[in-house]
Amino acid sequence: MSLSGAWYLGLSAIVFTIGAIGLLVRRNVLIMFMCIELMLNAANLTFVTFARMLGDIGGQAVVFFVLVVAAAEVVVGLGIVVTNFRRRATTVADDLDALKG
Amino acid sequence: MLLLPLAGFLVLLTVGRRVGDPIAGWIGTAAVGGSFVVACIVFAGLLGLPADQRLVVHNYYTWFASGGLSVPVGTQVDPLSMTMCLFITGVSALIHLYSIGYMKADRDYSKFFVYMNLFVFSMLLLVLANNLVLTFVGWEGVGVCSYFLIAFWFERDAAASAGKKAMIYNRIGDAGFLLAIFLIFFKTGTVSYESGPGGGIFGQLSHLGGGTATVVVLLLLLAAAGKSAQIPLFNWLPDAMEGPTPVSALIHAATMVTAGVYLLCRMNPVLHLTAHGMTVIAVIGTATAFVAATIACAQQDIKRVLAFSTVSQIGYMMLAVGSGAYTAAIFLMVMHAFFKALLFLGAGSVIHGLEDEQDLKRMGALRRYMRWTTVTFSIGWLAIIGIPPLSGFWAKGDVLDNAFAHYPGLWVVALLTAVLTAYYMSRLEVLTFGDEPRWDTVGPHGEPAHHTPHEAPLIMLVPLVVLAVLSLFGEVINLPWAHTHSLNSFLAPVFSADQYVDGLTTTRQWVLGLADAVAAVVGAVFAVILWRGAAVDKPAWEPAFLQRVWYWDDAYDLVIGRPSQRLAAFCAWVIDGRIIDGAVNGVAHLAKVTGTAARRLQTGYARNYALGIALGMALLVAFMLSRTWWG
């Protein structure tokens, strides 16, 4: 049997919500990163689902772009995390409040 | 002729400080003297032309052109500008020579000659220019040189503020000049006098009909009143005496202050269009002559007496202009340049000899110590009060005759002024040279006694002697019975509308001349009787009203000065302080308050920002959904 598109969209929504809530409630920078990845992949899943449902290859093409950008973002983000860890010996996001007004 | 003083100015500007005293003075004198020689040559050339062709206009290049306005840099050599040039360069050369001695050992010796040469250049530009705008350039040039030279000893407060005063009074007149130029251009479309399209201004007099000519003339009169120190703008000139004495002689007696009279004479075809304007000029001139003469009777400072005398004499010139007798005005102007320069230089010699003493009450008996100065000064004295047959008698007589022919009422005042002139000049003469010395004792306010005065050096005496000779014999250029080769016929082509009168019957002329002479003698005799003797404090004869210049300065202070200050204070404290600063500070304050409130949003916690993004997204989605469902 094949699942209808709605299941995929529901899964995507659940994964996105998990990512979003995780981002808001967790303090560890690495976990927050993973949550961002969850949200990105939830979006990817949505794109693919709609591409299949509508028979439009464009949605699948966008996923590739998102994957590439996500990879680049992870590289930069982890670089920052590592550099920051060397300086301040912490991965807790709330300690990084230099932007406080 | 024009370029030599400019060259002198530039040379002195660059190397003057290095060559110093006295070479800088000689360079300056040579430049002006050379200019005089050139003027003589040009004059000879002009005389070679037939009388009706004596108008040589040269346009060198177009200064600027805009729309219908085209302003050339050009010169106009005609009998009027030539007459002016001759006496300007001649008297200037003599005064430069005198200054070599007078300014000796001054700290800014070369700077003095820089300014003097620049002044002569500007003055020549003023008289030689062939259009109003270029004349205005020269007009401003002499004004700024006058400012520099009045405030020459700028460490002294009085000199600095006198310079400012002269500048401001002249500004008022200059505004009149500019408005007159604009109005003339608006009506005729040209600023040239006699050249250019349509024959210049004088070729298009018909465009200046009706009230326009009157307005133009009144504006020009305002300009002339500023430059030539006439009522109501005359009070800057006495203060200008703070400058070095040669400056007073050159700028504030002989040349610059006559520029206003020159301007009116130059514009004589326009003046001729308006009888009302002429009357106003004559009345202003007479009033100034009389008021200044009364004030001169009560002044103690030798230079201030001469300054008010200058104002008074220029008033006479204005009266002549107002009578339409331009020749008489120019005649008196030239003669006045001779004898007033002589008087100022003589006064300078006295001041020099008495170690900078200028108070008449602290002089006396100088005839025994300064023979040359006494003799030459006395010639100037006799000339200005109008004792025949010296130059002043003829020149002033010309003015009075013409006033009699046109305005008998003003003639009475002018004659009375002549009595006053004789009185105050004789008082000056007696107090300075007559009687017993008063400089060898301690003064009433504790001034120390002076040393025995000494005669001026030769280099200062030579100009005195030359000017004395000119004051004695200068009148030959315009004696009433030699009109065939006189100033009058020479100037006739320029003053086509001249109402110069020598057609008075001879008996009448003799009677008028006799009246002038009697006026002079009466005033002089009265002064001599009153002021000889040791007692020099006669308060009854020097009322405060006259000493304080008819309270003219105080009136200006009350009417203009104080309210302006109050207005300025209002602007400074209320408008600037409260409204403008308040607006600026208010904007800053608003930004600060907003910022203080907004900084609370910046917690620095990434989760808060993320929440903001999420909420924003949610809002956006909600909005789009609402559009879908209800749109």
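Helices (H or I, at least four residues) and strands (E, at least two) are DSSP runs, numbered from the N terminus. This is a predicted model, in which local features need pLDDT of at least 70, side-chain atom pairs count only at pLDDT 80 or more, and totals for chains, interfaces and linings use all residues. Residues are numbered from 1 along each chain as its sequence is written, and chains are lettered from A and ligands numbered from 1 in the order in which they are written.

**Exercise 1.** Find where B:Gly513 sits, and decide whether B:Gly513 is buried, exposed or partly exposed.

*Solution.* Start with the element: B:Gly513 belongs to helix H21 of chain B. Next, take the cut-offs: 20 or more other C-beta atoms (placed from the backbone) within 10 Å of a residue's own means buried, 12 or fewer means exposed, and in between is partly exposed. B:Gly513 has 18 such atoms within 10 Å, so B:Gly513 is partly exposed.

**Exercise 2.** Describe how H17(B) packs against H21(B).

*Solution.* First, locate the helices: H17 covers residues 391–406 of chain B and H21 residues 506–531 of chain B. Their axes (lines fitted to C-alpha atoms over the stretch in contact) are 10 Å apart, at an angle of about 120 degrees. Angles run from 0 to 180 degrees between N-to-C directions. Under 35 degrees is roughly parallel, over 145 roughly antiparallel, 65 to 115 roughly perpendicular and the rest oblique, so H17(B) is oblique to H21(B).

**Exercise 3.** State how far apart the C-alpha atoms of B:Gly513 and B:Lys396 are.

*Solution.* Along the chain, B:Gly513 and B:Lys396 are 117 residues apart.

**Exercise 4.** Count the residues that join chain A and chain B.

*Solution.* With contact meaning C-beta atoms, placed from the backbone, within 7 Å, 10 residues of chain A touch 10 residues of chain B.

Notes:
Contact = placed C-beta atoms within 7 Å.
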